[in-house]
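Hi,

Here is the structure I promised to pass on. Have a look, and my notes come after it.

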Amino acid sequence: MIDAPAAPLAEKKRKPKTPLQQLLAFFGSLELTVTLLTLSILLIFFGTLAQMDQGIWTVVKDYFRSWLVWVDFQIFFPRDRAVPGALPFPGGNTLGSLLLINLMVAHAQRFKLSKQKIGLSVIHAGLILLLVGEGLTGLYADESNMTIDEGGSANYSEDIRHPELAFVDSSDAKTDLVTVVPESQLRSGKRIQSPQLPVDIQVDAYYKNSVLEKDPSGAGFKAKQAPEISGTQSAEGGIDMPTALVTLFPKGSDKALGSYTTSVWLKSSNDIEVNGKKYALNLRFERSYKPYTFYLKDFRFDRYPGTEIPKNFESTVRIVDTEHKVDREVKIWMNHPLRYRGDTFYQASYKPDESGTVLQVVKNPSWLIPYISCILVTLGLLLQFGFSLSRSLKRRAKRSAT
Amino acid sequence: MKALEKYLPLLLALICLLAFGRSMVEKPYAKQAFDLNAFSQLPVLHKGRVQPLDSFARNNLLFISDKQIYSDSEGKKQPAVQWLAEIMSGRPESRQHKIFRIEHDDVLSLMGLKPREGLRYSLDELAPKYPALIQQVQMAFQKPDASRDLVDAKTIELYEQLEVFRQIMAFEIPLVLPALKAEGNDWLPLGGEKSDLNRSNYANAWYKSLKAYQNNDISLFNATTAEYLQGLKSSHPSLFPKLQIEQRFNLSMPFYQAMVLFVLAFLLSVFGWMFWGTALNRSAFGLVVIGLVIFTGALLTRMYLQGRPPVTNLYSSAIFVGWVAVLMGLGVEWFMKNGFGTIMASITGFCALLVAHNLGSGGDTLEMMRAVLDTNFWLATHVTTVTMGYSASFLAGFMGLIVIIMGVLTRKLDKNLYTKISAMIYGTVAFATLFSFVGTVLGGIWADQSWGRFWGWDPKENGAVMIVLWNAIILHARWGGLAKKRGIALLAIGGNIVTAWSWFGVNMLGVGLHSYGFTDKAFVGLAGFVGLNLLVIWLGTIPEEHWRSFKGPQANKKESLSDVPLK
């Protein structure tokens, strides 16, 4: 039958002598591999359970792109009874790095160019690439949404995971001057002071997700904190809609200018006046401006006849790029993205009344790496197992011949 | 006796083929006076899919009653299509058939009913308390999803079942008037506006048939229905022969037949250990092969009807897992030639089909694909490979189960067989690694193609990668000498748990938020499966020298005998 290709390795292992050799032997050992893989499975399992309550991106940050994670015991129990306590566990960065070290040391120790081993080397080279690729994606990939109304246009995309507080100065007729405060500062609770800002800001409350309710006392709205959209919900398209309640002060003064509710729910901004200058204040998703403009000519949402089951979403977009002298029409639909100037545009969603499209815009310089590593590993696995299989078939044939 | 032993495999194979052949040529619904054969072939559009009335009737009765048949007022079993004909024609007895299945005591008392055998109730019994039900349902709908309890869920379920019945009575579903153009989508319900002559011809035929059915005018019903069906054959030729094939597929129940064959094969193999070894093993092998042929035919028919690769939803993934497992089990048999592979094929095939059967009770299993899934390329590559990975992992796990149970509880395992099975498990795990890895990465590529994110750490992706990692652990543990024969078998059983988790567990995460999620049928099934595997793992922690197979003088003799030819 199929034989273990590396079984002789384990037998050949000689007793290391120096502490360095011992250390290397430990880091290159299959025992370590098995331990790390087991810990990885557990981490992934915990990280899956945690998504029942927490947002997918919170979990990715806490579990998979961290060095240490505190796993709440609560995730193992029904949510209607509270269970306190948590367990420290190595995070994705720790396990990924140790696996990389393990793999490299093991190969450095036992690397031999032979027909039997080539498959293994190719598989593991592919895996290293995959791990590195995931690391790079974590560092450099950027995702945002571009919402365009039918007949309208857009030249920026919004990062729905990163809200920002923006002061827009529209006094210049040609361009707006925008100053922004990132989410991390809004959450800190400290008074925000900066020479670039026209005012000092005190954040009275910051809700990662919120709902706006009609104020029973008057005409206005009242913001209420809402639970974070969990990983299982976000699969259905839910996103967090943050709200910040802020009080503004003139620079260096303690006499409040006024308190404002800013929320991504609100389309109109708060108008404020500081030292005779007008600013529009609003909480919005972080924008990144593009050197080109997309016009939405048409958005289509096809359903199966007689049902509400979606069959296809499709946007017809005109790209106008004066810099590159481009003016053309493209169609973007399910499973058929547009790649343009380093960004990739995917049909992601649509406005609730179907009057506009939502495109996902992704910039990922390392997008090709998984493709290459996939080919490598598949090739390696086929080589490895094909070789073992043919060997055992040969042996079988020999046995039945005698 | 000798002759019987010799010809038994052939005889059994013939009987099974004849039984299956009969279900393929028998005239459908021949017992009924009304021509339900023609009636059940009539095309209707429901949930976006053109289907024979037969499928519509079965799926909806299944949804309401958990069965595809019902008992009429005389207690006789009748087909779903007759139930549908009675509702559509407005016959009063349709309100008296006990079809609504209500399990929960609180829902029963809400409806003013008492538990009875079968727990099925008629529309007339439910009607008086309908307003009370509506009130409860409205309250349940006002609660956010996560705070609904089991009673809420069951109340809503009953409401939805009654709603299906009401919609059929009101001709809201299915859409029965075909589009004018053969390929068109604009089907209409009966009773709506019929702006042109052709449409009203269809409508007239329908009204005439239903009226005849209502008046018990058998000959008029049969003539009108047959004429209408004939007319459609010339005006909408593209609908045929799919309608007939689907109706025949429903009637012949090929997956059920394959299940029966797998059970028979398993029993024959087990008896083969006691007497007539060769004859019974061969018979079992023959039955599994026939089962596989029927299975394959059914799988291909589904693919033809849907125009899609084999796996399109959870139900079809169970079917495909079974099919691949049977195929691989027969592969194992080809390697080992001692009946072990046949047993594996029959067990895994049966279990997968049983799971599919339970998944299929939710409604139409040939449902249309949602937008993002509407891509035959990725369905054929990613989904198929990942499912093959599940299949191989389960096969390895089931081999682990059998070898541990055989070794610990029986005297049937000897050292030679133990070594061979262990090698088989290893080979199957290698296959599983290949398929689950390639499948998972293809899934990543699909994700990159469709929303620009190769890997998003979502529950389904995590489940898939857990299978890959688990199989990698088994391979590395073996290479490092950390796990020997017993260790490999136990790890492979662990693979059952990991695979079941990523196949079903991750789908229950949303449900898990509800406190009643833990009493869900699927959850109980999964927990039972995990418990069973843990039990066998615990059994396997007994050192080998204490296993029944390796204890006592008999086992030692076997060991020395079997070791000689190997070396």
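Below is what turned up on a cavity and on a sheet.

The model is predicted, so local features need pLDDT of at least 70 and side-chain atom pairs count only at pLDDT 80 or more, while totals for chains, interfaces and linings use all residues. Residues are numbered from 1 along each chain as written, chains are lettered from A and ligands numbered from 1 in written order, and side-chain values use heavy atoms, without hydrogens and water.

Cavities: there are 2 of 30 Å³ or more. A cavity here is a set of points, on a 1 Å grid over the protein atoms alone, where a 1.4 Å probe fits but cannot get out; lining residues have an atom within 4 Å of a point. Points are joined across faces, edges and corners, and a volume is the space filled by probe spheres set on them.

Sheet: β6-β9-β10 of chain A is an open, antiparallel sheet of 3 strands. β6 (199–207) and β10 of chain A are at the edges with a single partner strand each, so one side of each has no neighbour in the sheet. Pairing takes at least two DSSP bridges; β6(A) and β9 (243–250) of chain A have 8. A:Ala205, for one, has A:Leu245 in β9(A) as its bridge partner.

Cheers

Note on methods
On a 1 Å grid over the protein atoms alone, a cavity is a set of points where a 1.4 Å probe fits but cannot get out, and a pocket is an open set with protein on both sides within 12 Å along at least five of seven lines; lining residues have an atom within 4 Å of a point. Helices (H or I, at least four residues) and strands (E, at least two) are DSSP runs, numbered from the N terminus.
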